[in-house]
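Good morning, and thank you for coming. I would like to take you through a few local features of one structure, which I now put on the screen.

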Amino acid sequence: MRLLLLSDTHNLHPSLDPLPDADAVLHAGDISGRGTLPEIADFLTWFGALPHRHKIFVAGNHDFGFERNPAAAEELVPAGVTYLRDGGTEIEGLKIWGSPWQPWFMDWAFNLERGPQLAEKWALIPDDVDVLITHGPPQGILDLTADNPPQQAGCEALRGRIRELHLLRLHLFGHIHEAYGQLTRDGCTFVNASICDLRYVPRNPPIVVDL
């Protein structure tokens with residue numbers, strides 16, 4: 001199966017057209033700038049019209065509507081699009097789990113304190129998941145910030161849970177724009193698919209992975 005991976009498009013999704021062909025397109029959040037309902041509706045109109053057979057996304061820290069007014073935001077999700085908030089789906093034999101949370105980051109959406117609060121969310125991830133979508137990265141994997149010196153912004157508890165997921169084949173995330181890229185470790189491909197750079201310019205191309 002060919003997967004097209006996106007994250008952190010921040011209202012700039014029209015600039016991505018045309019997208020590469022794939023069986024499924026997965027988006028790891030920050031679809032918007034401030035998560036207003038009109039922003040969310042605009043993204044979902046575009047996302048829902050994509051020709052890919054499967055379209056799956058999670059929210060990110062900019063997508064306030066999904067945290068503050070979830071009923072109204074989720075009502076905007078069109079047929080043919082799957083939104084995951086600590087939930088799973090299966091497509092053509094691939095078990096996929098999605099979650100929006102990240103360690104506390106200023107006063108944005110879906111913040112939780114490091115430690116037990118986040119560990120409780122990651123404990124919900126099934127042991128037999130094939131593909132994991134989170135907005136933020138695990139600690140030490142494509143999570144270095146551009147600070148001086150660089151900081152590992154990823155979540156320690158998420159990294160610990162991933163070590164237990166022996167069937168995991170792909171982990172998609174974003175959030176740390178400057179850490180865009182991919183690597184393979186212990187049989188799992190990790191992808192930071194942040195489309196926007198630090199200046200919120202969509203410089204990074206979508207990433208395609210074959211499973």
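Glu164 and Arg161 are 3 residues apart in helix α5 (residues 156-164), so about one helical turn separates them. Helices here are DSSP runs of H or I with at least four residues, strands are runs of E with at least two, and both are numbered from the N terminus. The side chains of Glu164 and Arg161 meet in a salt bridge, at 2.8 Å from N to O. By salt bridge I mean a side-chain nitrogen of Lys or Arg within 4 Å of a carboxyl oxygen of Asp or Glu. Arg161 counts as buried because its relative accessibility is 11%, whereas Glu164, at 46%, counts as partly exposed. The cut-offs are under 20% relative accessible area for buried, over 50% for exposed, and partly exposed in between, with a 1.4 Å probe and protein chains only.

A word on the source: this is a predicted model, in which local features need pLDDT of at least 70 and side-chain atom pairs count only at pLDDT 80 or more, while totals for chains, interfaces and linings use all residues. Residues are numbered from 1 along each chain as its sequence is written, and side-chain values use heavy atoms, with hydrogens and water left out.

How many salt bridges are there by this rule? The count comes to 9. One of them joins the side chains of Asp86 and Lys121, at 3.9 Å from N to O. That pair links distant parts of the chain, 35 residues apart: Asp86 lies in the loop between β4 (81-83) and β5 (87-91), and Lys121 in helix α4. Asp86 is buried at 18%, and Lys121 is partly exposed at 23%. Asp197 and Arg203 also meet in a salt bridge, at 2.7 Å from N to O; Asp197 is buried at 17%, while Arg203 is exposed at 58%.

Asp130 sits in the loop between α4 (116-122) and β9 (131-134). Which backbone atom lies 2.8 Å from a polar atom of the side chain of Asp130? It is the backbone nitrogen of Lys95.

Let us turn to the aromatic rings. Rings of Phe, Tyr and Trp (its six-membered ring) pair if their centres lie within 6.5 Å; planes under 30 degrees apart count as stacked, over 60 as edge-to-face, and the rest as tilted. This rule gives 10 aromatic pairs. In one of them, Phe43 and Phe47 have ring centres 5.0 Å apart and planes at 20 degrees, so the pair is stacked. Both residues lie in helix α1 (residues 37-48), 4 residues apart, about one turn of the helix. Phe43 is buried at 0%, and Phe47 is buried at 0%. One aromatic cluster is formed by Phe43, Trp46, Phe47, Phe57, Phe66 and Tyr83.

Finally, strand β2 (residues 24-27) is covered on both faces: Ala24 and Leu26 on one side, and Val25 and His27 on the other, are all buried. Strand β1 (residues 2-6) runs parallel to β2, joined by 4 bridges; strands pair if DSSP finds at least two bridges between them. Strand β3 (residues 54-57) also pairs with β2 in the parallel sense, over 4 bridges. Val25 is the bridge partner of Leu4 and stands opposite Lys55 in β3.

How values were computed
A polar contact is a pair of N or O atoms within 3.5 Å; within protein, one must be able to donate a hydrogen and the other to accept it, and residues adjacent in sequence count only if both atoms are side-chain atoms.
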